[in-house]
Amino acid sequence: MTLAASAAVGVAVGAAAGFGLAALLRFHLVPDRLHNPVALAAAIACFVAANRLSVEAGLFATTVMGIVLVNQRLAPVAHIAAFGEDLGVLILGALFVVLGSAVDLSALQSVLAPSALLLVVLLATRPMAVWAATIGARLRGNERWYLSLMAPRGVVAASVAALFSVSLRRQGVDGAEILAPAAFCVIVGTVLFASLVARPASRWFRVADAEPRGVLLAGDQWWLRDAGAALAASGVPVLVVATADEVADEAVANGLLSYAGPLDDDELAEAMHGVGVGEAVVAAGGDGVASFLVDRLSDLLGRRHVYRVAPAERRRRASRSWGRQAFPELADPDAAVDPERWRITTVPALHLVGDSADVVPLFLLREDAEPVVLAGRRAGGLDGPAVVAERCAGEDGPAAPG
C-alpha cells in the first residue's frame, strides 16, 4: 500500500512539475541563460515536495518529470537534456568518491576472494537474465550473447550497498561491515571485465557498427565537387550538402549522393548516418549559412571532425562557428582557383615532399579507403594515395609529379 501511494504521489507531482516547467519555457517566463539552473531547481523541488507528501515518492516524481519534459511539445528541452548529461557525469563521479571513501581498505582486502566468486556467479547468471528479459524482442542470438557479457555494476549497486550497510550496522547484524567493500569489488570487477571484452566481443559476435569513413562536402566550388568525385572513385562514401538545386544536380551528375533538404532538419542527421559520415568539410558561400552548418555538424560529429574552408586572415579569432581551418589556399580570393588553371587529381602521398604553392593536399586515403582531411598536415612521407589540388602545367609553375 505504501508503494502504491508513493507511486501515485510521485506520478502526480512529477507530471505537474514537468508540465509546469514546460509552460514557463513556452511563454518565455524564464530567461534563456537561466533555463538550466531553473530546471535543476525544479527537479530538486519536485523531489523534496514528493518526499514530503509520501515516503520515497521523490524518485518516482523526478523520473515522471523527466519523461513528461522529453515527450511534451510545448517547448524545446534538448539543451536542458544535454546539461543533464553533463551534470550526471559530475554527480556520479562525486558519488563514487564519497561512497568509496567510506570503504575500509583492510575490509576490502578481506573480501577479495568471496567477491571474485560472486563475480563468477553474476557472469554465469547474466545470460539467463538476458534471455528471459528479451523474450519476444527482435534480437538475434549473437546480440543476446553479447548483452550477456555486458553486466557492469555501477552507482546503484554502490549506493544501495552503502545504505544497507549503515542500516544493518545499526541493527547489529554480523558481517554488515563487509557489504559495501564486497559491492565495490564486484563493481570494479564487472566494469573491468566489460571494458576489456566489449570491443573484441562486438567484433566476434558481429554487432559492432562499422567505423564511419564517409565525407560530407558542403559548398558549390568546382574543386570541392571534383574532390568528392575523386574520393568516391576510391571507394569513399561522399555526401554533398547542396545549398542550391543546381549544386545538387551537378553532384548527382557526378555520381555523388546529395542532400538538399533543410539544414536544421533531422533528415540531415539521418542522411549522414546512412552514408556513414565521419568527416565534414564546409565551403558554403555565405558566411551565415557556413557558420550555421558548422555549428550543426559540430553537434552531430564533434568539432574535431568538422573543417571550414576560409582564408587564413579570417581565422584570427577562435570561434565555434569556424570549425577547424582547411585549405585556406583555395579560399584566397587572389589565388584564382579555377578549373582552367587547377585540377583535382590523385597522386601517391610519397611524391608530396616539402611545401609547394602549386599543390594543395586535400585528403589522404589510408587502408580500406579511410579518408583523412589534410588540413595543415604534410602528406609527404605518408603511405597511401592522396587527393590534391594542383596547378596545371604551364600555369605559373610546374605541376607536381603524379
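**Note on the predicted model: strands, cores and salt bridges**

1. Strand 1 and strand 2 pair in the parallel sense over 4 bridges, where two strands count as paired if DSSP finds at least two bridges between them. Within this pairing, Val215 stands opposite Val238 in strand 2. Strand 2 is covered on both of its faces, with Val238 and Val240 buried on one side and Leu239 and Val241 buried on the other; buried means under 20% relative accessible area, exposed means over 50%, and partly exposed lies in between, with a 1.4 Å probe and protein chains only. As background, side chains in a regular strand alternate between the two faces of the sheet.

2. Residues are numbered from 1 along each chain as its sequence is written, and side-chain values use heavy atoms, with hydrogens and water left out.

3. On confidence, the mean pLDDT of the protein chain is 80, and 84% of its residues reach 70 or more, pLDDT being the predictor's confidence in each residue on a scale from 0 to 100. Confidence is highest in helix 2 (residues 35–53), at a mean of 92, and lowest in helix 5 (residues 105–110), at 72. Over residues 397–402 pLDDT stays under 50, and the model has 14 contacts beyond four places in sequence for that stretch, a contact meaning heavy atoms within 4.5 Å. Where pLDDT is low, the predicted coordinates should not be read in detail.

4. For the chain as a whole, the secondary structure comes to 14 helices and 10 strands, which are DSSP runs numbered from the N terminus (helices H or I, at least four residues; strands E, at least two). Of the 402 residues in the protein chain, 37% are buried. Among contacts between residues at least 6 apart in sequence, 63% join residues at least 24 apart. The accessible surface comes to about 23100 Å², of which 61% belongs to carbon and sulfur atoms; the areas come from the Shrake-Rupley method with a 1.4 Å probe, and for residues only the protein chains shown count as cover.

5. The largest nonpolar core has 33 residues, of which Val281, Phe327, Ile344, Leu362 and Phe363 touch the most other members; such a core is a set of buried Ala, Val, Leu, Ile, Met, Phe, Trp, Tyr and Cys residues joined through side-chain atoms within 4.5 Å. The elements that give two or more residues to this core include strand 1 (214–218), helix 11 (245–253), strand 7 (342–348) and strand 10 (385–391), while the largest share, 6 residues, comes from helix 10. A second, separate core of 19 residues includes Leu216, Ala284, Leu301 and Val306.

6. Leaving aside residues up to four places away in sequence, Ile344 touches Trp222, Trp223, Asp226, Ala227, Ala230, Leu362, Val387, Val388 and Ala389.

7. Strand 8 is largely enclosed by the rest of the structure, because 6 of its 7 residues are buried. Strand 8 and strand 10 pair in the antiparallel sense over 5 bridges, and the bridge partner of Pro361 in strand 10 is Val388. Strand 8 also pairs in the antiparallel sense with strand 9 (residues 371–373), over 3 bridges, and here Leu364 stands opposite Val372.

8. A search of the whole structure finds 3 salt bridges, each being a side-chain nitrogen of Lys or Arg within 4 Å of a carboxyl oxygen of Asp or Glu. In the pair formed by Glu390 and Arg343, the closest N and O atoms are 2.4 Å apart; Glu390 lies in strand 10 and Arg343 in strand 7, so the pair ties together parts that are 47 residues apart in sequence. Glu390 is buried, with a relative accessible area of 1%, whereas Arg343, at 42%, counts as partly exposed.

9. Glu250 forms a salt bridge with Arg225, the closest N and O atoms being 2.9 Å apart; Glu250 lies in helix 11 and Arg225 in helix 10, so this pair ties together parts that are 25 residues apart in sequence. Glu250 is partly exposed at 36% relative accessibility, and Arg225 is partly exposed at 22%. Glu143 forms a salt bridge with Arg140, with the closest N and O atoms 3.4 Å apart.
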